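Please open the model in your viewer and keep a selection tool to hand. The tour below moves from stop to stop, saying what to select and what is found there.

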Amino acid sequence: MVAHGTIAFDTLTTSDQVKTGTEKSLDTSYIFNGVAKAYVNFAGNASPLTNRSSFNVSSLTDHDTGQHTVTLTNAFGEECACGGKSGHFWAWYSATGNTSAIRGSNKDDDGSVADTSIVTVSYFGELA
């Protein structure tokens, strides 16, 4: 027998007996709105790019030195905020509108791009 259903609740509550013995609550909208909707950790200097770990990511594309596109399994409906760390560089990724492909670059403090062995980017926003 297959059962399908929905569990609806506004707040998660725990007694936290192990640490403080005090009840704690968390509004579920915080969880929905405050967590990353996608992330990826990949080797930006590998050919082809090597995806080490990801969530909601279907593929990676290498365009040029320090230039990559992350294609998402589920697209963002509006703007998404994206950012991360790439070794000693910052990874800047941006997208607006209903998109499932987000292009970015790995830039150091003087703005030059480079391929690095570790690129980690998180994506926040509303999915379509």
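A search of the whole structure, which is a predicted model, finds 1 aromatic pair, where rings of Phe, Tyr and Trp (its six-membered ring) pair if their centres lie within 6.5 Å. Select Tyr 39 and Phe 55: their ring centres are 6.3 Å apart and their planes are at 20 degrees, so the pair is stacked, the word used for planes under 30 degrees apart, with over 60 called edge-to-face and the rest tilted. The two residues are 16 apart and the pair links distant parts of the chain, with Tyr 39 in strand 3 (residues 38–43) and Phe 55 in strand 4 (residues 50–55); helices (H or I, at least four residues) and strands (E, at least two) are DSSP runs, numbered from the N terminus. Tyr 39 counts as partly exposed at 34% relative accessibility, and Phe 55 is partly exposed as well, with a relative accessible area of 45%; buried means under 20% relative accessible area, exposed over 50%, and partly exposed in between, using a 1.4 Å probe and protein chains only.

Before going further, a word on conventions. Residues are numbered from 1 along each chain as its sequence is written, and side-chain values use heavy atoms, with hydrogens and water left out. Since the model is predicted, local features need pLDDT of at least 70 and side-chain atom pairs count only at pLDDT 80 or more, whereas totals for chains, interfaces and linings use all residues.

Now colour the chain by secondary structure. The chain has 1 helix and 9 strands, and from the N terminus on the elements run β-β-α-β-β-β-β-β-β-β. Buried residues make up 33% of the 128 residues. Among contacts (heavy atoms within 4.5 Å) with a separation of 6 or more, 50% are between residues 24 or more positions apart.

Select strand 3 next. How many of its 6 residues are buried? The count is 5, and the strand is mostly covered. On one pairing, strand 3 and strand 9 run antiparallel and are joined by 5 bridges, two strands being paired if DSSP finds at least two bridges between them; here Ala 38 stands opposite Tyr 123 in strand 9. In another pairing, 5 bridges join strand 3 to strand 4, again antiparallel, and Asn 41 has Ser 53 of strand 4 as its bridge partner. A hairpin of 6 connecting residues leads from strand 3 to strand 4.

Stay with the loop between strand 3 and strand 4, where Pro 48 is found. The peptide bond that joins Ser 47 and Pro 48 is cis, with omega of about 0 degrees.

Move on to the loop between strand 4 and strand 5, which holds Asn 56. Is this residue buried or exposed? Asn 56 is buried, with a relative accessible area of 11%, and its phi is positive, about 65 degrees, although it is not a glycine. Most residues other than glycine have a negative phi, and most peptide bonds are trans. Show the side chain of Asn 56 with its polar contacts, each a pair of N or O atoms within 3.5 Å, where within protein one must be able to donate a hydrogen and the other to accept it, and residues adjacent in sequence count only if both atoms are side-chain atoms. A polar atom of that side chain lies 3.1 Å from the backbone oxygen of Lys 37, and a polar atom of the side chain lies 2.7 Å from the backbone nitrogen of Asn 74. Neighbours within four places in sequence aside, the residues in contact with Asn 56 include Ala 38, Leu 72, Thr 73 and Leu 127.

Not counting residues up to four places away in sequence, Asn 74 touches Asn 56 and Leu 127.

Finally, select Val 40, Phe 42, Leu 60, Val 70, Leu 72 and Tyr 123, which touch the most other members among the 14 residues of the largest nonpolar core. Such a core is a set of buried Ala, Val, Leu, Ile, Met, Phe, Trp, Tyr and Cys residues joined through side-chain atoms within 4.5 Å. Strand 3, strand 5 (57–64), strand 6 (67–86) and strand 9 (119–127) each give two or more residues to this core, and the largest share, 4 residues, comes from strand 6.
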